[in-house]
Structures are given as C-alpha cells and as structure tokens.
Amino acid sequence: MAFQLPSLPYDFSALEPVIDTQTMQIHHGKHHGAYVTNLNNAIAGKAALEAKSLEALISDLSAVPEDIRVAVRNNGGGNANHSMFWQIMAPKGKGGGGEPTGDLAAAIKSTFGSFADFKTRFGEAATKRFGSGWAWLVLKDGKLVIGSTANQDNPLMGEAVCGLGGKPILGLDVWEHAYYLKYQNRRPEYITNWWEIVNWTKVAEIYQSSK
Ligand code: MN
C-alpha cells in the first residue's frame, strides 16, 4: 500500500491571516505531495519497506538500502513532518492559539519555567536554524526538550542521525516555502504569528500518546 497525501483537516484559507491561502495550497499540494510521490517511488517494489509504517521506516534508516537511504530520509521525513504539521494547527480562535492545559501545561511550566519562556526558547530554536529545517518540542526519556533539525530530518531518526532524538510533540516548518509568499525574509514574524494557530488540544493528545 503506497503512502497517500493526507487531506488537510481544514480549508486552505482557514489559517488566514497567519498563513495565506496560496502558501497552504502550494505547501500541501506541491511540496508535501512531492515528498509522498518521491517516497513511494524510492521504495517501490521493496516489499519489506512498503510494509512498514512511516514512523517505523524513518526510525530505522540503517535498515534502508544505501542507494535509496537519502531519498527515504528526505521524503519519508518530509512526509512525516508535514503530516504532523497540518494536524497541530487550527484556525485562529477556532481551536488555534491560546495556551496548553492539563499535563502538557504542567510539564512545560516545570521544564521551561513558564509558557512564555517556552515560547521564547522554541522561537530561538526556530529562528537560529540556518537554512531549511524544523524546530521541535520532543519527549525524550520522559522529558520535554527543544531543538531543531536540518532539511526534512525528524527526531524519530535519532540523535546520531540528525542531532536530535525523541518523539516529536510539536514541530514548526521554517523552510522558506512555508512562509516566503507572505513574510519574505521575516522568519521571526512568521514564528511569532504561528502561535496564534497552534492547536494545543491536538498537541496535548500527541503528548499523552507519546508518554
Ligand atoms: Mn514544508
């Protein structure tokens, strides 16, 4: 069974004005779509790889033959990263924005001091990632950790592969394709505005299932 491009859980225009409609159309249909197509092409005919879940596939890149390992890393990571990204956003004021509650809020406070401090540190990770990549909040050995990865690397690939290990709880795409049409070179403004569309209910679900 080939991997499929998942539908967005909202309209292309739903994240306006934080993320514009055209960016969402191109980002989902063209960029994410290409990662799915290229991943399927890379593993086509390799039954052992085709039988794996996406998470299992990228969690053990050493099991992928060398000649397609880079393709699986880039396109499997791209598929996993974007599939999560769409889920953890929601329209501003309609599921998006605000603050986490419950266990996740308590863990953020005990780890980073306050929600404001957490946002500052996550924003720094996202701002300082040079070139293309992702900022992450991960659960590693039962603790929350902020970090970033290059390109389409995902923390499930492991620290030895991509410099950050753990289960991703929250991820922010800082590739220029995620923001350039609206924000041009103003990545910090995109990051600041992005908090208004984070779906903390979904993030808390991911946190609970990752514990
Ligand atoms: Mn992207």
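Q: Donors are N, O and S atoms within 2.8 Å of the metal (3.2 Å for Na, K and Ca), and water is not among the atoms, so sites may look incomplete. How are the donor residues of the manganese ion spaced in sequence?
A: The spacing is H-x54-H-x90-D-x3-H. This is a predicted model, in which local features need pLDDT of at least 70 and side-chain atom pairs count only at pLDDT 80 or more, while totals for chains, interfaces and linings use all residues. Residues are numbered from 1 along each chain as its sequence is written, and side-chain values use heavy atoms, with hydrogens and water left out.

Q: Which residues coordinate the manganese ion, and through which atoms?
A: His 27, His 82 and His 177 each use NE2, and Asp 173 uses OD. The distances are 1.9 to 2.1 Å.

Q: Where do His 27 and His 82 sit?
A: His 27 is in helix α1 (residues 21-43) and His 82 is in helix α4 (residues 66-87). They are 55 residues apart, and the pair links distant parts of the chain. Helices (H or I, at least four residues) and strands (E, at least two) are DSSP runs, numbered from the N terminus.

Q: Is His 27 buried or exposed?
A: His 27 counts as buried because its relative accessible area is 2%. The figure for His 82 is 0%, so His 82 is buried as well. Buried means under 20% relative accessible area, exposed means over 50%, and partly exposed is in between (1.4 Å probe, protein chains only).

Q: Back to α1. What is the kink centred on?
A: The kink in α1 is centred on His 27, one of the manganese ligands. The kink is about 30°, where the bend at a residue is the angle between axes fitted to the seven residues ending there and the seven starting there.

Q: What span should α1 have, and what does the model give?
A: The 23 residues of α1 should span 33 Å at 1.5 Å a residue, and the end C-alpha atoms are 32 Å apart, which agrees. The expected span is 1.5 Å times one less than the number of residues. After the helix comes Gly 45, with a positive phi near 85°.

Q: And α4, how far does it reach?
A: From first C-alpha to last, the 22 residues of α4 reach 31 Å, close to the 32 Å expected. α4 also has a kink of about 30°, centred on Val 72. Trp 86 is in this helix too, and at a relative accessible area of 1% Trp 86 is buried.

Q: Changing topic. How much space lies in the largest pocket?
A: About 270 Å³. Grid points are joined across faces, edges and corners, and a volume is the space filled by probe spheres set on the points. A pocket is an open set of points on a 1 Å grid over the protein atoms alone, where a 1.4 Å probe fits, with protein on both sides within 12 Å along at least five of seven lines.

Q: What lines the largest pocket?
A: There are 13 lining residues, and Glu 55, Met 84, Leu 156, Pro 168 and Ile 206 lie nearest the centre. A lining residue has an atom within 4 Å of a point. α4, β3 (167-173) and α10 (200-210) each supply at least two of the lining residues.

Q: What is the lining by class?
A: Five nonpolar, five polar and three charged residues. Ala, Val, Leu, Ile, Met, Phe, Trp, Tyr, Cys and Pro count as nonpolar, Asp, Glu, Lys and Arg as charged, and the others, Gly among them, as polar.

Q: What is the phi of Asn 151?
A: About 55°, positive although Asn 151 is not a glycine. Asn 151 is in the loop between β2 (143-150) and α7 (159-162), and is partly exposed at 40% relative accessible area. Gln 184 also has a positive phi, near 50°. Gln 184 sits in the loop between α8 (180-183) and α9 (187-194) and is partly exposed at 30%.
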